[in-house]
Amino acid sequence: MNVRFYGCSLIGADASIGVNYGTVANDLPPPAQVAKFLLQSTLVNRVRLFDTNPEILKSFAHTGIEVSVTVPNDLIPQLTKFSFAQQWVRTNIQPHVPSTNIVRILVGNEVLATASKLLISSLVSAMQTLHVALVDASLDRRIKISTPHSLGILLSSTPPGAGKFRRGYDTHVLRPQLSFLRATGSDFLVNPYPFFGCSPETLDYAVFRPNPGVFDETTGLHYTNMLDAQLDAVYSAMKLLGFDDVGIVIAETGWPSKGDSSQIGVDPNTAREYNMNLIRHVNSGAGTPLMPNRTFEAYIFALFNEDLKPGPTCERNFGLFQPDLTPVYDVGILRPSARASIPGSNPTPEPATPVPPQTPSGWKRWCLPKTGVDPDALQRNLDYVCGLGMDCGPIQEGGPCFKPDTVHAHAAYAMNMYYQENGKNDYDCDFEGTGSITSVDPSYGKCKY
């Protein structure tokens, strides 16, 4: 059996855990402290910035963390001039590469949603001119150019197979933009938010909980979560224009931990559930019904709660971490050593040695695969856990738990390890409905769970 991805590096080669590092706040820690925290205490390997703050860019020097930077919307018309684009690269990019791993420049954010004719008409030209400036600086192979879109670019998104772009934007803006992305090997970036698209009736569907799902009559495919439906609607719209070969990146998605009383599912537990399931899903290799067998580069919004953001309460409460760098809730991206410092956490597994009989209320519990689960689903669980950097040595060849050499046995060990190290919460054994908790110790021989 070939066990994929794990055992070589902290994060699997195809894994991607990104965060949006916004700074609309007056209580955030210094950038150098943030960069050090992300590098040493988390599994985050990608960061998206909303500007080119030189202090932040210097802070990420020599970390290896991939950084995407943003050109403000108001500079887009000026970027259509080569001399301006050239100077912008010299000022904002060249002083920081290669020590800071800048991989992408985002030209504006949700430009089509601004309804500004000047910005919209300048967007593709600005992207093209900025690319020429990167070529001039010999940086075009290192740094790609794109721009993130809200799902407002879609005229229709239901059902996903009938997704199409808004008329006018489709041929005059998005077709030439997609042509540019294809030619330069870049990706199409979108900001899907199931949070803003759900109702009390579709909350389970939005946060990846078990639910009846939605059937797409146009394709005959079944959807079990809203994110897949949103991504496939974008894919269908791209395919309609002939660009289904351009990759899709999730530039923003998240769930607030606090909001106004009129909003549903706004609490730390639901936010944790969405973001944890998101990470697991985009890195699982399952893909979507229309884009199967792929992982997705994804950026959670946001790294911090931002207390100066305008709008409803939820806008200031999308953060994964407090300003003191303690988690608002833990989505599993902290390294075990960092989790150990959090009061009330249980970062290490229970000892695998035999323990005296306990009362029913104190029984030890283990997480194992349900009977009859598809081996491909178990392989995805295995790849996910081991790709997080947990110790999967015991199930590699020569390890005490390598035999029997089956996906089921190896997945059982990995799923239980994840469950134990994350505090033995019931939801840590869900694994998209494939895990089950038992009080029977599965240890055998020298293999200790």
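So, R209 sits at 22% relative accessibility, and that makes this residue partly exposed. Keep in mind that we're looking at a predicted model here. What does R209 meet in a salt bridge? The partner is E273, and the N to O distance between the two side chains is 2.9 Å. E273 is partly exposed as well, at 24% relative accessibility. Now look at where these two are: R209 is in the loop between α8 and β10, while E273 belongs to helix α10, and they are 64 residues apart in the chain.

Okay, next pair. R48 makes a salt bridge with E252, and their closest N and O atoms are 3.0 Å apart. This one ties together distant parts of the chain, with R48 in strand β2 and E252 in strand β12, 204 residues apart. Are they buried or exposed? R48 has a relative accessible area of 1%, so it counts as buried. E252 comes out at 7%, and that's buried too, because the cut-off is under 20%.

R104 is in strand β4, D187 is in the loop between α6 and β9, and 83 residues separate them. R104 is buried at 7% relative accessibility, whereas D187 is partly exposed at 22%.

How many salt bridges turn up in the whole structure? A search finds eleven, and R48 with E252 is one of the pairs to go and find on your screen.

Definitions and conventions:
Residues are numbered from 1 along each chain as its sequence is written. This is a predicted model: local features need pLDDT of at least 70, side-chain atom pairs count only at pLDDT 80 or more; totals for chains, interfaces and linings use all residues. Side-chain values use heavy atoms; hydrogens and water are left out. A salt bridge is a side-chain nitrogen of Lys or Arg within 4 Å of a carboxyl oxygen of Asp or Glu. Helices (H or I, at least four residues) and strands (E, at least two) are DSSP runs, numbered from the N terminus. Buried means under 20% relative accessible area, exposed over 50%, partly exposed in between (1.4 Å probe, protein chains only).
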